[in-house]
Amino acid sequence: MSSDNFQSVLTENRVFPPSDAFVAKARVNADQLSALRAEAAADFRAFWGKFAREELSWETPFQTVLDDSNAPNYRWFHDGTLNASYNCLDRHLATRGDKVAIRYEGEKGDTRNYTYRELHTEVCKLANALKGLGLVKGDRVVLYLPHSAEAVIAMQACARLGITHSVVFGGFSATALRDRIEDTGARVVITADGNQRGGNFIELKKGVDDALALGCPLVEKVVVAKRTTQTVPMAAGRDLWWHELTAAVPATCEPVFVDAEHPLFLLYTSGSTGKPKGIQHCTGGYLLGAMKSAQWVFDLKEDDLFWCTADVGWITGHSYVTYGPLANGATVMIYEGVPTIPDAGRFWKICQDHGVTIFYTAPTAIRALMKSGEEIPNKYDLSKLRLLGSVGEPINPEAWMWYHRVIGKEKLPIVDTWWQTETGSIMMSPIPGATATKPGSCTQPLPGLFADVVDELGDPVSGKTAGGYLVITKPWPSMLRTIWGDNERYKKAYFGQFPARPDGSLLYVAGDSTHRDEDGYYWILGRVDDVLNVSGHRLGTMEVESALVSHPRVAEAAVVGRPHEIKGEAVCAFVICKGARPTGDEAAALIKELREHVSKEIGPIAKPDDIRLADGLPKTRSGKIMRRLLRSIAKGEEITQDISTLENPAIVEQLAGKA
Ligand code: WT7
């Protein structure tokens, strides 16, 4: 992926300045952007302090903007107190009580609107119910819910009580769910009886039952949202219906004010070990980052209908379905379904029917919809759209141009937003009324954020075609605070790679390689660690490897990525069996079984696209698997690398399917 990308990066020279019409109404134009950058460069603490005071409603105002005395465990606004749910709901009631907060559409076409007042009521009721279960500030609750209004309500209800939520994507398996519940130490899980997705019934409740059967001794109660007509078994004393719990509780609930650093949520993501990391985000700084970035990047205005298609199970769904837009008092669209039902026009039909003005999706979706042809989007009235966005992986210039031409009618700005679960909010992106875009570049850091490109030693790299590691050179409000339960891993994984700069500042290592062009624009090339990006979802190769070796027939496994037309990267596994290596039908049956096994261990997103059975893996004499070689084999490339240092050079032929 990287080398292909690098080629396209070097040859891409189209530039798209914002249109006069967009600039005229934009929240931030080029002059204002320069002023913001200058202000942040002069004093980034004062810059963020000012916005934190202006944008957030504090119960106790903070005195200190940034405490870096214990870096990299930074604290922002730590002596102030606030409540995230108050900031997303209560403070809008007087002026926006009847404004729609959520427009919901299900896969079958059912719709429901929630005004800010209605959302507030639902959140208060659930919060009262959770209080009734004995939950208090500091407790953790795991949410395993469909992408629905209920998910937003549950997140907000937790936030209202100072309970730290951890949303587990509904596509993760029971085993993955068990691991996450156990790591958080949650006493309560909130789920649904199931949901309709891709034309299938997804058995979420069964996922929770299975996870609890596998472990999770601390879980006392399971709250179940009734969203289907299916009957699901309810364990007496443990399982409780959401609608029953909330039937007789008051419709108001005082928010619990917490320190700005109080953990708002944990969200698990993959790293280069087999164990996912619980990324810990805080209340104040996180909310500020989500809120300001939504204003700058999406030019969010009072009458917009903002649709971020990401599931709430990912960080994008946290920051740009839930917290960022609601803190701004915006209206969000939630569609609980897949883009291809009943046909590949569904997204465009939703844009038309609801009047979506801002549409934010992932390159994998754009590529998939592009494949089904432009006649489909051309059938719909997309005239309400005014801004398009992309997130999750590098967008290839071809997909960018299609998005620009077919969806944007060559008029709409495209914001290609680079960020991560860890960064909490968008770090690099065009500002639509100010930045000239280049297809495939996320352009430059937002005001108040500072990035750089460094070499293996951490020294800055410059020059026209220079590439290197992407680092962030100053702390920022919405950054992760730690890895839940493993602060050492936090320090080592994100700040341990390079020495501090002469001024004492630490370099945050993003794990991406990048190129910065002569205009100072960044082009993200891909991950440098053992992390894959499959359909915009991060997946550790080690996680898939451990899932594979947990199968009784597998002795050893190595997983690499290869470029995939739609998914960005496909998962390729090389597997060494215990005992004799099966061939023919037996091999085919085992491969099928292994794919299912990975799906069961992690979830369908991790299912390997290719599995090759072999007698050995290419290893150096010191026993290190040569992943670079495996990547070439997975791509079907001619092997030109020197394999003389391999312990078993003959294996290469076999892996490549030539022996
Ligand atoms: C990784 C983070 C941030 C929400 C979704 C993914 C890749 C993300 C872009 C982009 C190129 C991108 C990076 C990053 N990535 N956005 N606009 N251009 N690459 O969150 O699962 O934490 O993954 O996704 O490799 O490190 P995540």
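Lys438 counts as buried, at 8% relative accessibility, where buried means under 20% relative accessible area, exposed over 50% and partly exposed in between (1.4 Å probe, protein chains only). This lysine sits in the loop between strand 20 and strand 21 (451–454); helices (H or I, at least four residues) and strands (E, at least two) are DSSP runs, numbered from the N terminus. The side chain of Lys438 makes a polar contact of 2.7 Å with the side chain of Asp519. Here a polar contact is a pair of N or O atoms within 3.5 Å; within protein, one must be able to donate a hydrogen and the other to accept it, and residues adjacent in sequence count only if both atoms are side-chain atoms. Not counting residues up to four places away in sequence, Lys438 touches Arg14, Val15, Trp400, Asp517, Asp519, Tyr521 and Trp523, contact being heavy atoms within 4.5 Å.

The model is predicted, so local features need pLDDT of at least 70 and side-chain atom pairs count only at pLDDT 80 or more, while totals for chains, interfaces and linings use all residues. Residues are numbered from 1 along each chain as its sequence is written, and side-chain values use heavy atoms, with hydrogens and water left out.

Arg346 belongs to helix 13 (residues 346–354). A polar atom of the Arg346 side chain lies 2.8 Å from the backbone oxygen of Glu107, and a polar contact of 3.4 Å joins the side chains of Arg346 and Tyr335. Leaving out residues up to four places away in sequence, the residues touched by Arg346 include Glu105, Gly106, Lys108, Gly109, Val338, Pro339 and Ile341.

Attention now turns to the ligand. It is surrounded by 17 residues, and the closest are Asp416, Thr417, Thr421, Asp512 and Arg538; a residue is near a molecule or strand if one of its heavy atoms lies within 4 Å of it. Two of these aspartates come with specific distances: a polar side-chain atom of Asp416 is 2.7 Å from a nitrogen atom of the ligand, and a polar side-chain atom of Asp512 is 2.7 Å from an oxygen atom of the ligand. The protein covers 96% of the 550 Å² of accessible area that the ligand has on its own; accessible areas come from the Shrake-Rupley method with a 1.4 Å probe, and for residues only the protein chains shown count as cover. The backbone takes part too, as a polar backbone atom of Glu393 is 3.4 Å from a nitrogen atom of the ligand.

By class, the shell around the ligand has six nonpolar, six polar and five charged residues. In this scheme Ala, Val, Leu, Ile, Met, Phe, Trp, Tyr, Cys and Pro count as nonpolar, Asp, Glu, Lys and Arg as charged, and the others, Gly among them, as polar. Helix 12 (315–327), strand 20 (414–417) and strand 25 (522–527) each supply at least two residues of this shell. Gly329, whose phi is positive, near 70 degrees, follows helix 12.

In the largest nonpolar core, which has 164 residues, Phe77, Ile102, Ile190, Phe298 and Tyr323 touch the most other members. Helix 7 (residues 149–161) gives the most to this core, with ten residues. A nonpolar core is a set of buried Ala, Val, Leu, Ile, Met, Phe, Trp, Tyr and Cys residues joined through side-chain atoms within 4.5 Å. Beyond its neighbours within four places in sequence, Phe77 is in contact with residues including Trp48, Trp58, Phe62, Val65, Leu288 and Pro477. Apart from this core lies another, of 29 residues, among them Leu305, Met333, Tyr380 and Trp400.

Some backbone details complete the picture. Most residues other than glycine have a negative phi, and most peptide bonds are trans. Cys216, although not a glycine, has a positive phi of about 55 degrees; this cysteine lies in the loop between helix 9 and strand 11 (221–225) and is buried at 6% relative accessibility. Lys409 also is not a glycine and has a positive phi, of about 50 degrees, but Lys409 is partly exposed, with a relative accessible area of 36%. Cis peptide bonds join Ala71 to Pro72, with omega about 5 degrees, and Ile341 to Pro342, with omega about 0 degrees.
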